[in-house]
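User: Could you walk me through how the labels for this model are decided?

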Amino acid sequence: SGWTPHDLVRITGPKGKALIQKVVQKRLFRLNEDNPLKPLLSEYLYHVIAQQGSAEYALNKILMPGAWAYSPLSQRLGQLKKYQTNVYGYDDYNDDGNDDNEEKENGTIKKE
């Protein structure tokens, strides 16, 4: 139950398109007014958001107001029975030097 910002657009019906246009104008203020991206993005977002809701309602089950998790994974990570395997590319900016040393020491990260 509950509501999402998408519900507001659905409830307002065709007026929701103007609401989306205002939000896009405010969020993309750095672009010129005549930039063709703004109306295209507004149109796209309106049609995506106005559709019947689906996975967005799951957010009410996993997140509290303010986007705080009800059951944060960080508090349960040590209870996991499986090991984590990190895979890195040859020239990856994120390499095994960035792994948390504490997790390596307590065995929650298995190096392969």
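Analyst: Gladly; here are the labels, each set against its definition. This is a predicted model, where local features need pLDDT of at least 70, side-chain atom pairs count only at pLDDT 80 or more, and totals for chains, interfaces and linings use all residues. Residues are numbered from 1 along each chain as its sequence is written, and side-chain values use heavy atoms, with hydrogens and water left out.

User: Why is K38 called buried?

Analyst: Buried means under 20% relative accessible area, exposed over 50%, partly exposed in between (1.4 Å probe, protein chains only). K38 has 1% relative accessibility, so K38 counts as buried.

User: What is K38 in contact with, leaving aside its neighbours within four places in sequence?

Analyst: Contact means heavy atoms within 4.5 Å. On that basis K38 is in contact with V24, Q25, L28, L31, N32 and E33. The K38 side chain also reaches the backbone oxygen of L31 at 3.3 Å.

User: What makes up the largest nonpolar core?

Analyst: A nonpolar core is a set of buried Ala, Val, Leu, Ile, Met, Phe, Trp, Tyr and Cys residues joined through side-chain atoms within 4.5 Å. The largest has five residues: V9, I20, V24, Y46 and I49. Helix 2 (16-27) and helix 3 are the elements that give two or more residues to this core. I20 touches V9, S42, L45, Y46 and I49, not counting residues up to four places away in sequence.

Notes
Polar contact = N/O pair within 3.5 Å; in protein donor to acceptor, adjacent residues only side chain to side chain. Helix = DSSP H or I, 4+ residues; strand = E, 2+ residues; numbered from the N terminus.
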